[in-house]
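I opened my notebook to look up charge pairs and a pocket. Here are my entries, in the order I made them.

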Amino acid sequence: MPEQPRRLSAVLDGLAAAGRGAETPPRTLRDAALADAARRAVGALHPDAYVERFRRAVERGDSLFDSADNPLSPGTWAAAWGAVEATLAAAEAAFAGEPAFAAVRPPGHHAEAATAMGFCYFNNVAVAAEHLLRADGCERVAIYDFDVHHGNGTQHLFEERSDVLYVSTHQYPFYPGTGAAGERGRGAGQGATVNVPLPAGTGDDGYRRALEEEVLPALRRFAPDVLLLSAGFDAWRRDPLGGMQVSEEGFAEWGRRLGELAAEVCGGRVMAVLEGGYDVDALPRLVETHLAALEDGLQTTLRARA
């Protein structure tokens, strides 16, 4: 299974080696207030019947949940809640002015309201957005998803709302089959979904054009109170599940530009949460490269604006 524990341990080891401190999941799981916030935010997006069905499947010892891509083990229930809680902690830090990265698994952006798919059980980034919108002073949240796969769950959870902008660059056509350019939201959310489908084989130049011409202008127009990044690293040129040609320098460029934009439009309030990325040997380096560039773009722009 490509979505394996070694993905997370490798990323955490890489961040530690780079001197980036981390709040560990055990501390987060003991935080009763955060756990309660997670239950409320998850309950706002995922029906109680779905959450209970997930719990019972783990309790029974089922081997799969909803799809062949969603295996279960005795630890899946706790891991899924731990990912949500760590993401909420990072989102709260970001909204308070401290940029953060949630290194978590399982990922979340494929999780629909009542269906698990694509290694995802709860939609971590969507739950974080919902949590922040319940906080004083947060009225608009933007999510930029650069995973190689379209975040169908995130789009569908917010596509009828105007308080969340969802922007995605992704390989298309590709799993999960959603994310056409014509999918722009519905009802009150019309225009608050921006899909930028890219053909297989797209590399740094193609992503640069997408960022400059569509992603950054959309984020700037929306002017969110906080920017959340669904940070998938499977557009990497040697990723076993993707079909793109992005280099390490490409991920650095995205990070720098997104840091600059966050400083410009939302006072530097930005948080990234790990989604995909399945070249385990390269993943820690790609994450650190992206985060270092994000921080550089953020701090350079904030200093220039001071």
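**Entry 1: counting salt bridges.** I looked for salt bridges and the structure holds 23. I counted a salt bridge when a side-chain nitrogen of Lys or Arg lies within 4 Å of a carboxyl oxygen of Asp or Glu. Side chains of opposite charge can pair when their charged atoms come close.

**Entry 2: ground rules.** I noted that this is a predicted model, where local features need pLDDT of at least 70, side-chain atom pairs count only at pLDDT 80 or more, and totals for chains, interfaces and linings use all residues. Residues are numbered from 1 along each chain as its sequence is written, and side-chain values use heavy atoms, with hydrogens and water left out.

**Entry 3: Glu3 and Arg105.** I found a salt bridge between the side chains of Glu3 and Arg105, at 3.0 Å from N to O. This pair links distant parts of the chain, 102 residues apart. Glu3 sits in the segment before α1 (5–17), and Arg105 in the loop between β3 (100–102) and α6 (124–133). Helices (H or I, at least four residues) and strands (E, at least two) are DSSP runs, numbered from the N terminus. I then checked accessibility. Buried means under 20% relative accessible area, exposed over 50%, and partly exposed in between (1.4 Å probe, protein chains only). Glu3 is buried at 8%, while Arg105 is partly exposed at 23%.

**Entry 4: helix α4.** I moved on to α4 (residues 48–60), which holds both Glu52 and Arg55, 3 residues apart, about one turn of the helix. Their side chains meet in a salt bridge, 2.5 Å from N to O. Glu52 is partly exposed, with a relative accessible area of 27%. Arg55 is partly exposed too, at 27%. I also saw a network of salt bridges that links Glu52, Arg55, Arg56 and Glu59.

**Entry 5: Glu130 and Arg134.** I logged one more salt bridge, between Glu130 and Arg134, with the closest N and O atoms 3.2 Å apart. Glu130 counts as buried at 9%, whereas Arg134 is exposed at 51%.

Entry 6: I looked up the second largest pocket and found about 220 Å³ of space. Of the 14 residues that line this pocket, the closest to its centre are Glu3, Pro71, Thr76, Arg105 and Tyr121. A pocket is an open set of points on a 1 Å grid over the protein atoms alone, where a 1.4 Å probe fits, with protein on both sides within 12 Å along at least five of seven lines; lining residues have an atom within 4 Å of a point. The volume is the space filled by probe spheres set on the points, which are joined across faces, edges and corners. α5 gives the largest share of the lining, 3 residues.
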